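Please keep the sequence and the coordinates at hand while reading.

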Amino acid sequence: MSSEHSEGFPKKHIVGFIASIVLTIVAAWAALSSGLPTPWIITAIMVLAVIQACIQLFMFMHMTETDSGGIQVGNMLQAFFVAAVVVAGSIWTMSFGYSHNHDGGGNDAEMENHEDMDH
Amino acid sequence: MENFINFLVDDFFVTGEPLIYGAMVSMALVSIAIVFVLTYFKKWGYLWREWLTTVDHKKIGIMYIIAAIAMLFRGGVDGLMMRIQLTLPGMEFLDSQHYNEVFTTHGTIMIIFMAMPFLIGLMNYIIPLQIGARDVAFPFLNAVSFWSFAFGALLFNISFVIGGSPDAGWTNYAPMAGENLNPGPSQNYYLMGLQVAGIGTLATGINFLVTILKMRAPGMKMMRLPIFTWSSLITSIIIVFAFPILTVALALMTVDRIFGSHFFTLTGEGMPMMWANLFWLWGHPEVYIVILPAFGIFSEVISTFARKQLFGYKAMVISMVIIAGLSFVVWVHHFFTMGSGAAVNSFFSVTTMLIAVPTGVKIFNWLGTMYKGRIRFDTPMLWSLAFIPCFVIGGVTGVMLAMAAADYQYHNTYFLVAHFHYVLIAGTVFGCFAGLTFWYPKMFGHKMNEKLGKISFWFFMIGFNVCFLPMYFLGFAGMPRRTYTIEPEWMPLSVTASVGAALMAIGFAVFVYNIYYSFRYSPRETQGDAWDGRALEWATTTPVPYYNFATVPKIEGPEAYWIMKSKGETTYDKEKVEPIHMPSDSGIPFIMMAFMFVGSFGLVWEWIWMAIAGLIGVLVCMFIRSFDYDDGFHVSVEEIKETEEKARGGEK
């Protein structure tokens, strides 16, 4: 992919922009009024978020322009590492042995899962 | 009208405390004095043109350092007040509520508004000079960073006369910091003050990451970077990845408090411990944000004053990269006692002990650098030498705390308090003092007085050990952290600690007096290389011209200036001078962040109209900036030649 940001009609940006809006609306619809079971909603919005992130990186943030490729890749790897640590680490830390059942307990599948893991 | 007056007296201003009345009066007097002096000497225009609108990294760096020293004073006074209260059993100097507020502001100010700006100030001044750049990559953004820090600090600091100080500790744990247990504006000051200052820190991280990667002089390869620049690069990376976590956590709690959501509340499915989790996900990398630049400073100082090349440069760099990675996977050691399972606590025990390894490597690098060196004992070197044993005590007790099972005994005792003061004061504060005295001649054109410098060093260093070493034993004796009154059996050690605190205060006072004394009496620097330095910042003239380098040198190895000196090269080659492109000053950063301050103040008091007004002001400033086509200006060859010949005297 060559650099397209000099002149001409910014096709890539328009497509990315529309796709971002559509994905956001779909995610909002899935969460608010799709009526799907909770695990499905969570899965759906996670998948949509990853697609959204990829669009951002490739359409707007010039990921594939290579003059400083090594630095970009290094930063991206660190970003994914930190994101994984924040999400997975928080879930792991906050679920194993930690009970937040003090106000009468939750009602969704996720919460029941946590309680199984309590000891 | 009567309602309004009642509001002012009952809620808006903090009333009923003689200490705070005293503070109000002194603040009012100082403000009046400043306004008077500026008006009398007709300096308003000078202040606006030369400082408030500047985008010069050197001036911004100096403003950061001045603000940090002011904050060190404020945080230090908080610390002294706590020591007075804890000296004897049954003291009634502070009541429990007031004590809670004082330890909260002490911790927050020292970390967020003292340690970071002090180091960022030094980075601002030195990094572009060390890599042979004429400014940072985004000078306008740099000014935005500074003003967001300054207004964030202002917002946090006015809390103690307007509305009341936050009192839930610098960690601001939920549910204590939540709306139910802590209504009113005081906690909002913490949230908004940190949020506003955090914008600046994040922008600084991005700025220095890009500056160091993209603005290096020709030939300045990554493995030729001075070690302070390397440490700042790693710090910037940690900032970029850690600060968004704080931003999100603060925003969630702000929404909890102001708009009634339930992220961290006890009721409505909230998870109070999630705050602790998110806070330390940022908070532990933050520890390395404030220690790595200090490591860089010590490396520079030790290498210069041992008159040897830094021993184990590569090992230094690799250990910093490892620290940057590991710093993100140790955060749970701050709350082992939350009661996670054995697997979680053991994992974080092991990672915490692992991170001691690269840190230990660096200790041996410094020792190796000094081995067989011809050491000069100037003040910056004294701070660096004192750092090594003191920091090792702090580090080793840190490994003791890292053992999850043992931590159940140490947690929230004075043992912990002693540990983190040993690493933060011996590491960061000694580092700031070492760096400031080391680079002082470059910044201000004269050295700090050696004799006064040594007096302040000995007072501060001995006072520090007398103050904090007893706290380890107070911790073993069962004294809990954040207690406002002590038991009789802790008295001997407590009195000792208070004596130490007084010695530290004397040391700090001498340091500040030294700034004044040196300004009056120190001989002026006639050339740029005050300490027989090795890195590129010493190649510039003193004072540094605003464009830094008349001609950018070609870098031929590590220790760029050492090589240049041996060849007789300078940063001024008459044949190669070309017009230099520099950025224009701008008042927008100051005005934009002033609006941000107004909006945040509105949010603190939950006056939504004011928050919206402030936000609109910020957006208008951004809009104006977006259509600002000022590309800066060019410095003419004649001006450069004139400046350089004047600065260099007869030379060349």
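Chain B is divided into domain 1 (1-42) and domain 2 (43-648), with bounds that come from an automatic or database domain assignment. Their contact takes 11 residues from domain 1 of chain B and 8 residues from domain 2 of chain B, where two residues are in contact if their C-beta atoms, placed from the backbone, lie within 7 Å. On the side of domain 1 of chain B that touches domain 2 of chain B, the largest share, 6 residues, comes from helix α2 (residues 18-40) of chain B. By class, that side of domain 1 of chain B has 9 nonpolar, 1 polar and 1 charged residues. Here Ala, Val, Leu, Ile, Met, Phe, Trp, Tyr, Cys and Pro count as nonpolar, Asp, Glu, Lys and Arg as charged, and the others, Gly among them, as polar. The C-alpha centres of domain 1 of chain B and domain 2 of chain B lie 30 Å apart.

The model is a predicted one, in which local features need pLDDT of at least 70 and side-chain atom pairs count only at pLDDT 80 or more, while totals for chains, interfaces and linings use all residues. Residues are numbered from 1 along each chain as its sequence is written, and chains are lettered from A and ligands numbered from 1 in the order in which they are written. The pLDDT, which is the predictor's confidence in each residue from 0 to 100, averages 93 in chain B, where 100% of the residues score at least 70. Within chain B, confidence is lowest in helix α1 (residues 2-12) of chain B, at a mean of 82, and highest in helix α15 (residues 450-476) of chain B, at 97. For the complex, the predictor gives an ipTM of 0.84 and a pTM of 0.90.

Turning to the fold, chain B has 20 helices and 2 strands; helices (H or I, at least four residues) and strands (E, at least two) are DSSP runs, numbered from the N terminus. The C-alpha trace of chain B spans about 75 × 60 × 45 Å along its principal axes. Buried residues make up 51% of the 652 residues in chain B. A residue is buried if 20 or more other C-beta atoms lie within 10 Å of its own, exposed if 12 or fewer, and partly exposed in between, with C-beta atoms placed from the backbone.

Gln195(B) lies in helix α7 (residues 186-214) of chain B. Because 21 C-beta neighbours fall inside 10 Å, Gln195(B) counts as buried. Beyond residues up to four places away in sequence, Gln195(B) touches Thr247(B) and Leu250(B).

Chain A meets chain B in a contact that takes 17 residues from chain A and 21 residues from chain B. The side of chain A that touches chain B has 9 nonpolar, 7 polar and 1 charged residues. Over residues 73-92 of chain A, the chain is 100% helix and 0% strand, with end C-alpha atoms 27 Å apart. Gln52(A) is in helix α2 (residues 38-60) of chain A, and is partly exposed, with 19 other C-beta atoms within 10 Å.
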